[in-house]
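Subject: Structure handover and notes

Dear colleague,

I am passing on the structure we spoke about, together with my notes on it. Please read the notes with the structure open beside them.

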Amino acid sequence: MHLLAASTQRNLGMAIAVVAIVGFAIYLIYNVLWAGRGEKGSEVELAPNRKPYLSDEELETSKLDLALVSGLVTLVIIGVALPLYWLGEPGRQQGYLEYSRDQFTSRGAGLFEESCSSCHGGGGLGGTTDHTVTDDNGNFVAAIKWEVPALTTTLYRFSEEEVRHILNYGRPPTPMQPWGAPGGGPMTTQQVEELIQYIQSIQLAPHDVEGEVLAGLITQVRDDVLAANPGLDSRLEEARAAVAAAGADDEAAEAAAREVADLERELREISEQYIRDLASADRGELLFNNGVYGCARCHTPRDSWQFTGPEEEPGAGPVVLTRGSDAEAAMVAQLGNLIPADIPGGGGFGPNLTNGATLRQFDSAEGHEGFVTIGSQEGVGYGNFGQGDGGGQMPAFGACVGDRDSSDRSPIFGFCTLEDGSTRPGTLTAAQIADIVAYERGL
């Protein structure tokens, strides 16, 4: 409807312009080619002010009537055109916003592909990158493989001001470097805004976020559920073997694939019930460790990265060490206290939550839940590397906060408030946050 209104207004404006141009052309032709009359005498051409003009009878009849009618027609055109122009104004404004949004998104996509996709993956779906850990003096400590998060739910948890700060100044001590000019990066202010608009364009819909969170929980309990349902496990193995054995037999392969899909659906339903039957703190542990949708990424040491060991074969590149392996334990032992042991909630990018830390910070579970819901306060430092103005802040997990910081931003950046006036939900539900709090208060 907005585009239609803008298109109608544009066509009306073009029609008015054409009428004005044609009328002016007729006026020139009449006055220049047809109206001039020669006169004998000293003047080559008789001056207009010396030409005999029309009689009073003619002036006060047909000419006067024509002037009055022309004036009336002009007033009618103005009286009709101005309201039509005014009615089309919302459509023009919306059309401009959509055009600007499309332009920013397109340019931001190009910038993302050029500068960000090597770490964050195509479409911002996440990836891994090599990173070097150094001590306070800049000396080499270890080579690690950093798990770079997906950006498809970033604006659910971080406001645009926080995302802008991260783009400008980076995220020490992670591989995220400063990209904006204020932090010494190569991008202009407008390019950072274009990146923000692109990030907004790839955010998942609320029901997809809910599905992603649940899928992460199901993945964590999958082995336990299969161990408790050995019959289902064996049927899944047989169905997958049937798919492999079907080969080029399309009919057999399709039937086997349907069997696998049905069994996976059954496993999912059992897993969901398994999760519902857990105690609140146990569900909270699953949610706490749920990747980018959880808390361990920042609050548990080395949850976001893995050590890489030496090359096993020349030219093959370093191998990623398994967490908890003897090789990893030996490497951690060599590092002393620079990289602490892998203690759940023991502190990493965010502070240590163990030994009753959350009980000392929050008098009640309700206050604790409120903090997890809306995140840390703008301008107040939080975490081991938080500057309090977007860098390292505690994100909001229970409320969409993409629009919370600035009241004068361009409408093209609105995210949390939808066109119908409703507000996007947060990444986690109130019940899920209560489960996380129950787990954290027991650490």
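The notes below go from the whole chain to single elements and residues.

This is a predicted model, in which local features need pLDDT of at least 70 and side-chain atom pairs count only at pLDDT 80 or more, while totals for chains, interfaces and linings use all residues. Residues are numbered from 1 along each chain as its sequence is written, and side-chain values use heavy atoms, with hydrogens and water left out.

Overall picture. The secondary structure comes to 16 helices and four strands, where helices (H or I, at least four residues) and strands (E, at least two) are DSSP runs numbered from the N terminus. Of the 443 residues, 36% are buried; buried means under 20% relative accessible area, exposed over 50%, and partly exposed in between, with a 1.4 Å probe and protein chains only. The accessible surface is about 25400 Å², and 57% of this belongs to carbon and sulfur atoms; such areas come from the Shrake-Rupley method with a 1.4 Å probe, and for residues only the protein chains shown count as cover. Among contacts (heavy atoms within 4.5 Å) with a separation of 6 or more, 64% are between residues 24 or more positions apart.

Cysteines. Taking a disulfide as a pair of cysteine sulfur atoms within 2.5 Å, the count comes to one. The disulfide is formed by Cys400 and Cys416, with their sulfur atoms 2.1 Å apart. This pair links distant parts of the chain, 16 residues apart, with both Cys400 and Cys416 in the loop between helix H15 (365-374) and helix H16 (430-440). Both cysteines of the pair are buried, and the torsion about their S-S bond is about -80°, so the disulfide is left-handed. The sulfur of Cys116, by contrast, is 8.5 Å from the closest cysteine sulfur, in Cys119, which is too far for a bond; Cys116 counts as buried because its relative accessibility is 10%. For Cys298 the closest cysteine sulfur is in Cys295, 8.8 Å away and too far for a bond, and Cys298 counts as partly exposed at 25% relative accessibility.

Helix H13. In helix H13 (residues 326-335) the buried residues are Glu328, Met331, Val332 and Leu335. They cover an arc of only 100° around the axis, so they are on the same side of H13, the arc being that of the directions from the helix axis to the C-beta atoms. What covers these buried residues includes strand E2 (140-148) and strand E3 (305-311), whereas the face of H13 turned away from its buried side carries the exposed residues Asp326, Ala333 and Gln334.

Further residues. Ser115 has its place in helix H3 (residues 89-115) and is buried, with a relative accessible area of 18%. Not counting residues up to four places away in sequence, Ser115 touches Trp179 and Met187. Asp262 has its place in helix H10 (residues 250-277) and is partly exposed at 41% relative accessibility. The C-alpha atoms of Asp262 and Leu236 are separated by 9.6 Å, with the two residues 26 apart along the chain. Leu72, in helix H2 (residues 56-87), is exposed, with a relative accessible area of 54%.

Best regards
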